[in-house]
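Subject: The structure, and what turned up in it

Hi,

Here is the structure I promised to pass on. Have a look at it first, and my notes follow below.

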Amino acid sequence: MDRITAALLEWYDRCSRVLPWRGFHDAYRTWVSEAMLQQTRVETVLAYYPRFLERFPTLAALADAPEQDVIKAWEGLGYYSRARNLWKGAKQVMQEYGGVLPRDPDQLRRVCGIGPYSAGAIASIAYDMSVPAVDGNVIRVLSRLYGVRTNALETENRRRIECLAAALVPAERPGDHNQALMDLGATVCVPGTPDCGRCPLSAFCDAFRSGDAAELPVLPKAKPQKVIPYAVVLIRSGGRVLMRQRTERLLQGLWCFPMFEGEYTPEDLRPQIMKKLRLDAALPVFAVSARHVFTHQVWEMRIYETGAQAPASAPAGYEFVPLGSLKDLPLPAAMNAAVAALTRQAYSPCTPCRIRRDPLWR
Ligand code: SF4
């Protein structure tokens, strides 16, 4: 076994994090955990993972469930395409692989929602295959360890890092090795200034010797987030409120209140409601402001309330939803302030930092 791998495994045996998805050789559980962990903090996933598995204990149960139930179980975790792909992938595995996730990483990558990283994680952790799993943590650790000082995401560098990762994976305990690298990146070789004094790999580390670990990995500059103002309108009709299930890529399948891009006064907003929703509504009243941060954009929302003149029928693409049914629909965290205004509850802003912007940060 390579000296680096031996030192890493020795450290992992002493310092590994106790996480509920560890200690099993169960490909489905590994898949769910890895899907949840993409772009999301471990602390956030800890609250969702047991609930999700309780609701969908097996791959077959997930494949059998309605899509909306799966998105509902994912509510608040963000990046909902992960939930949809997990569900589609589960159906695919039932149809094409007899309900069992394949062992071969190349076959795994053909399953909807499983990319190279997840394929490596599932194959090594659940099936003891000696293959790497290269995520942001691993790119960061290996860039520092081997002194990769050019854009780590460029194809050639990325390939080089993947080759370095593959060369390190041992024949024995490949899953533990991959998880050890993930843990090291998450707890010691962290973004910014790493804690090299606690690192089992410092004796082998190029960046530690050179003293430039904090500058690595080299990454392209993140694009600034686009800030979009919206008027969100709560349009009541009796005990119901107008809603729409989104078809856009962002938050697809989740339910939102009508939204008008731009800044409006109540006087400007009313004719928009009439024109775009074909509803005769009273002058909207401002309720509350809210801000929601996505990876690449920020919604600056002003939330208004109004009532549709009876008898109101929903415009095409919308539904009047009974207030009592709101809890059964998958709603994005971006609508939390609007729901609180609607139900007259106190609103505490969601934490935008749940979602990681930096692709190399877990
Ligand atoms: Fe990262 Fe420091 Fe360890 Fe190198 S010595 S791998 S920079 S924590």
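Let me start with the ligand: by class, its shell has eight nonpolar residues, one polar and one charged. (Ala, Val, Leu, Ile, Met, Phe, Trp, Tyr, Cys and Pro count as nonpolar, Asp, Glu, Lys and Arg as charged, and the others, Gly among them, as polar.) Before you read on, please note that this is a predicted model, where local features need pLDDT of at least 70 and side-chain atom pairs count only at pLDDT 80 or more, while totals for chains, interfaces and linings use all residues. Residues are numbered from 1 along each chain as its sequence is written, and side-chain values use heavy atoms, with hydrogens and water left out.

The residues around the ligand are Arg 144, Val 188, Cys 189, Pro 194, Cys 196, Cys 199, Ser 202, Cys 205, Phe 208 and Ala 213, where "around" means having a heavy atom within 4 Å of the ligand.

Now to the rings. The structure holds seven aromatic pairs (Phe, Tyr or six-membered Trp rings with centres within 6.5 Å; planes under 30 degrees apart are stacked, over 60 edge-to-face, the rest tilted). One of them joins Trp 21 and Tyr 49 edge-to-face, at 5.2 Å centre to centre and with 75° between the planes. Trp 21 is in the loop between helix 1 (3–15) and helix 2 (27–37), and Tyr 49 is in helix 3 (residues 42–55), 28 residues apart. (Helices, H or I with at least four residues, and strands, E with at least two, are DSSP runs numbered from the N terminus.) Both Trp 21 and Tyr 49 are buried; buried means under 20% relative accessible area, exposed over 50%, and partly exposed in between, using a 1.4 Å probe and protein chains only.

Phe 286 and Tyr 304 have ring centres 5.8 Å apart and planes at 70°, so this pair is edge-to-face too. Phe 286 lies in strand 5 (residues 285–293) and Tyr 304 in strand 6 (residues 297–307), so the pair ties together parts 18 residues apart in sequence. Phe 286 is partly exposed, at 35% relative accessibility, whereas Tyr 304 is buried at 1%. The charged end of Arg 302 sits over the ring of Phe 286, 4.1 Å from its centre (NZ of Lys or CZ of Arg within 6 Å of the ring centre and within 35 degrees of the ring normal).

Elsewhere, Arg 51 lies over the face of Tyr 48, 5.0 Å from the ring centre, and ring pairs link Phe 52, Phe 56 and Trp 74 into a cluster.

Best wishes
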